[in-house]
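Student: How should I read a ligand site that involves more than one part of a chain? Please take me through a case.

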Amino acid sequence: MDYFTYQNGTMYCEDTSLEQIASEIGTPFYVYSAKSFTDSFNTFSNAFEGRERIICFAVKSCPNIGILSLLASLGAGADIVSGGELDRALKAGINPQKIVFAGVGKTRQEIHEALEAGILMFNAESEQELDVLNDEARKLGKRAKIAIRVNPNVDPKTHPYISTGLKKNKFGISVETVREQFRYAAGLDSLDVEGVHCHIGSQLTDVSPFADAAKIMVSLIKDLRADGINIKYLDMGGGLGITYKDETVPKHEDYAKAILDAVGDLDITLIFEPGRNLSGNAGVLVTRVLYTKDSGTKHFKVVDAAMNDLARPSLYDAYHGIKPVYETENRITCDVVGPICETGDFLARDRDIADVPVDGLYAVLSAGAYGMSMASNYNSRPRAAEVLVSGGKYYIIRRRETYADLTGPESVPAFLRNR
Ligand code: LLP
């Protein structure tokens, strides 16, 4: 179901007009549909009906605390990768007992904070990390619950930058040697070894790599139990894709079936870490046309959102649909570019889109995941506002940054003051 639809020729998010938001708060801004998050979370979770499960939203995909509290209200947990994400997840009211912490480079400080918070589990990625986890837990007089991230060497067939489960990637411990690492971890005095984890990549549009990975994990769990290590959690990571253009994405039931067929009647609590699948199509980026340019061979629409607001097109050559906020019959083939001083600053290239005039608005679609979360202040551009719509109402969940926000943390050194 689409939560961004036209009513009388103008685009709405649920029952709120994007034009109204733009005129009240200015552009660019990200706008998210609460109903979209709610419906996708519920369908994701319901696909595993009857099984013990924890759905840990991948915070990195859309970390605003307004969004996280919406997900917390639905019963979601969080997949975090830093102390900053732990802080937001807790502020948003996510139950620490539903928080899992992944990442190849957790610092002692971050581990300390997560132990203090009492999170469900650390997804450890190396032998050295196991030692540090053990050490920090001992210092606090606590026990650290851990899973080991396994690299199952499965090809997710996605963009090389976001494929993570191959031997050549930096993540996890190779499936061939991981059993030894589990035994090692089980021998450490302050660790409780309770889970196996994998995450093979992002934006997967085929269920077979998930099924392959799940089979490998299940056979590992059986081996580990035979070794006397009582694994209670199977964390299958995230990665289920969305439709950006014309990709056919597996239905939640088919994704669930692929995994559940592999799990069979194994007594285990399942953990999932979906990010994009819940947030991607829940948000769009609204931007205004500043200028149009014609180079003789090419047309440009210069808009007020740029690669600092949405990095994915420049970074991955990613496709994001672009639709007019007011419907029009006029079409144009053009580049949609931002104001940043780089040729790589584009949202679309050679794209046939609706021809919106200067001062008109475009919605850049499927921008809810890895949009705002990867935004920067490059070219000293204040980051965009974020808005959450629920029915006919909208709420500013992040105000637009000001110039003071940009220079606030900076200072002129003493030797240059009072010049
Ligand atoms: N769990 C782990 C351990 C992860 O590393 C990730 C994503 C996820 C879960 C969530 O994956 P998802 O369900 O969203 O596919 N910036 C890139 C995506 C990077 C994904 C990194 N890891 C992009 O814009 O496409």
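Tutor: Start with which domains supply the residues of the shell. Here domain 1 (4-32 + 280-407) and domain 2 (103-272) both give residues to the shell around the ligand, so the ligand lies between them. Keep in mind that this is a predicted model.

Student: How far apart are the centres of domain 1 and domain 2?

Tutor: Taken over C-alpha atoms, the centres are separated by 36 Å. As for direct contact, ten residues of domain 1 touch seven residues of domain 2, where contact means heavy atoms within 4.5 Å.

Student: How many residues surround the ligand, and which are the closest?

Tutor: The shell has 18 residues, and the closest are Ser-202, Glu-273, Arg-312, Tyr-316 and Tyr-370. By class, the shell divides into six nonpolar, six polar and six charged residues.

Student: Turning to cysteines, how many disulfides does the structure hold?

Tutor: The structure holds zero disulfides. A disulfide requires two cysteine sulfur atoms within 2.5 Å. The cysteine sulfur closest to that of Cys-13 is in Cys-62, 12 Å away, so the two are too far apart for a bond.

Student: Are Cys-13 and Cys-341 buried or exposed?

Tutor: Compare the relative accessible area with the cut-offs: under 20% is buried and over 50% is exposed. Cys-13 has 0%, so Cys-13 is buried. Cys-341 has 67% relative accessibility and therefore counts as exposed.

Note on methods:
Residues numbered from 1 in each chain as written. Predicted model: local features only at pLDDT ≥ 70, side-chain atom pairs only at ≥ 80, totals over all residues. Heavy atoms only, no water. Near = heavy atom within 4 Å. Nonpolar A, V, L, I, M, F, W, Y, C, P; charged D, E, K, R; others polar. Domains from an automatic or database assignment. Buried < 20%, exposed > 50% of the residue type's maximum accessible area, 1.4 Å probe, protein only.
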